[in-house]
Amino acid sequence: MSDIQTAARDIHEEFTDHLDIDLEDVSARLERLVSEYKVPLSEARRSVENHYLDEAGLERDDLASGSEEEVSIADVNQPEQWISLTAQVVDLWNPRSDAVGQVGLLGDETGTIKFTAWAKSDLETLEEGSVYRLENVVTDEYQGRYSVKLNKTTEITEVEDEIEVGDDDSTMDGALVDIQSGSGLIKRCPVEGCTRVLQNGRCSEHGDVEGEFDLRIKGVLDDGKSVQEVIFDHEMTEALTGIDIETAKEMAQDALDTTVVADEMEETVLGRYYRVTGPVMGRYLLANEVEELTEPVDPDDVLIQARSM
Amino acid sequence: MADNTTPTREPARRVFATELNDATFTFKESEDDRAPVYVLLPTGEQANRVFVVGTLTETEDVGRDQEYWQGRVVDPTGTAFVYAGQYQPEAAGALRELETPTYVAVVGKPRTYETDDGTVNVSIRPESITVVDESARSRWVTEAAERTLDRLGALDSEGNEYGVRAQEEYDVDPSVYQSAVVEALESLDELDAEAEPAEDLSSGP
């Protein structure tokens, strides 16, 4: 068997699960590059593989073969795995790029996960609230947060099941040790769907705009063993600091400076202990609940441990 | 829960004053000028940030030409010194304005300086100083006790390079920190016992 044929068989093998791929077509493509265009075989192979990757709507990493199995969302803990899920479409978001056909949140009993369907994969449109079995989706990871990508080979079957979507909220107790810049009284871009925080009156996407006021805290919760960045939205910031947006605007007007709001908030919350609950998105815990920990703690257990060491 | 895929901020260590004041050995993990400076805690952990809660008992402007504020923050084991100058305007402002005594929470960087007679002193360069209530102070004492015990428990663990280093650099018998933990926790118990009958009178500002 010639080298070209061996390479062609390898490629055929790699893609046969993902594409209706014809061995002769593979050979012909290799042959043409190698014989006609004098491309070295290794480079020709790469190029042909890329062609099929493109056709299948896959990334090169996706080829790492693995048995594709039905998993629960909470069990997704590795990138680049081929899996199947049965999940409800919890939320659909507006795609920010033309390359994305649909993007949103899937949920099952164990939690939720972001999904992306590429436009070029040309898949059936998912409906919010419906439950689907999704075969052949690929896991991905960004900053510790997992997602799944639907691709050309993904099989979508609507199922009649009802799913009680579980929450995957985290709870952390700790001291609030830092409030980061971009906290307090901020202005957001008013362009529909943008909401970016303005820097000196400018949106990084839309330039100079008349911003809309909002309250937010980006803080750091620290229990002495680990740190967690936390975002408190408008409502949570108000609950945390007791400062509402009208008060914040008055404070800023009196001082002719919006930073007085964050300063005041720091004095109110830094160094205090809180229990914060909410989903973790990337590096941030998005607070849904916050409670200051003021109950006395019982030191006796620690004392017994200290005496027995 | 910490996200270990992004360069992580390290937790602020909970250290009693008695241990912090002994932590005179400093080091960097890289040659870079901007690399963080660590103090080596005698219980065997590196610290580039600490969190302490205690009673601010005295403040004093010790600067010559410019304001340079010293604060004494007392916990059940000793006194930690906090210094804030023009580069820590908020913390310096707090030290200037706060009435003592009051409970404060301090987040800051541990720093060492050598005096003329060669003694190395440890202090905290604060990132923030905020007023807190007694519940935060009690919670901190218990938490600092737990973290100190954690460190003592891991001091001789295999692979704990800071544990090895601490025992090389310091002559102190680590059991003094265990005694400090016991004393600190006992002082909380006593406070509780005293506080209960006097509850109605304890509503201060």
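This short talk walks through a predicted model with chains A and B.

First, the ground rules. Residues are numbered from 1 along each chain as its sequence is written, and chains are lettered from A and ligands numbered from 1 in the order in which they are written. The model is predicted, so local features need pLDDT of at least 70, side-chain atom pairs count only at pLDDT 80 or more, and totals for chains, interfaces and linings use all residues.

Confidence next. The predictor gives the complex an ipTM of 0.88 and a pTM of 0.69. For chain B, the mean pLDDT is 90, and 89% of the residues reach 70 or more. pLDDT is the predictor's confidence in each residue, from 0 to 100. Two stretches of chain B need care. Over residues 1-6 of chain B, pLDDT is below 50, and the stretch has 16 contacts in the model beyond near neighbours in sequence. Contact here means C-beta atoms, placed from the backbone, within 7 Å. Over residues 198-205 of chain B, pLDDT is again below 50, with 1 contact beyond near neighbours in sequence. Where pLDDT is low, the predicted coordinates should not be read in detail.

Now chain B as a whole. It has 5 helices and 8 strands. Helices (H or I, at least four residues) and strands (E, at least two) are DSSP runs, numbered from the N terminus. From the N terminus on, the order is α-β-β-β-β-β-β-α-β-β-α-α-α. Of the 205 residues in chain B, 39% are buried. Buried means 20 or more other C-beta atoms within 10 Å of a residue's own; exposed means 12 or fewer, and partly exposed lies in between, with C-beta atoms placed from the backbone. Take the contacts in chain B with a separation of 6 or more: 64% of them join residues 24 or more positions apart.

Let's look at the sheet at β1 to β3. This is an open sheet of 3 strands in chain B, ordered β1-β2-β3, with antiparallel pairing. Strands pair if DSSP finds at least two bridges between them. Why are β1 and β3 of chain B open on one side? Both stand at the edges, at 26-28 and 45-47, each with a single partner strand, so one side of each has no neighbour in the sheet. Neighbouring strands in this sheet are turned by 40 degrees against each other on average, direction ignored. Axes are lines fitted to C-alpha atoms, for helices over the stretch in contact, and angles run from 0 to 180 degrees between N-to-C directions. Helix α4 of chain B, residues 161-169, packs on the sheet. This helix touches β2 and β3 of chain B, and its direction makes about 75 degrees with that of β2(B). Between β2(B), residues 37-41, and β3(B) there are 3 bridges. In that pair, B:Leu41 stands opposite B:Glu45.

On to β4(B). This strand runs antiparallel to β7(B), joined by 7 bridges. There, B:Leu56 has B:Thr102 of β7(B) as its bridge partner. β4(B) also pairs with β5(B), residues 69-75, in the antiparallel sense over 6 bridges. B:Glu60 stands opposite B:Gln70 in β5(B).

Now the interface. Chain B puts in 36 residues and chain A 32. Which elements of chain B give two or more residues to the side that touches chain A? They are β4 (50-61), β7 (102-114), β8 (120-131), α3 (134-154) and α5 (175-195). α3(B) gives the most, with 11 residues. By class, this side of chain B has 17 nonpolar, 9 polar and 10 charged residues. Nonpolar covers Ala, Val, Leu, Ile, Met, Phe, Trp, Tyr, Cys and Pro; charged covers Asp, Glu, Lys and Arg; the others, Gly among them, are polar.

A:His18 sits in the loop between α1 (3-15) and α2 (23-36) of chain A. Is A:His18 buried or exposed? Buried, because 21 other C-beta atoms lie within 10 Å. A:His18 and A:Thr153 are 135 residues apart in sequence, yet 5.7 Å apart C-alpha to C-alpha.

Second stop: A:Ile186, in strand β8 of chain A, residues 184-188. A:Ile186 counts as buried, with 22 C-beta neighbours inside 10 Å. Its contacts, leaving aside neighbours within four places in sequence, are A:Val197, A:Asp214 and A:Arg216.

Last stop: helix α4 of chain A, residues 234-241, where A:Met236, A:Thr237, A:Leu240 and A:Thr241 are buried. They cover an arc of only 115 degrees around the axis, which puts them on the same side of α4(A). That arc is taken from the directions from the helix axis to the C-beta atoms. The cover over these residues includes β11 (212-222), β12 (227-232), α6 (259-269) and β16 (289-292) of chain A.
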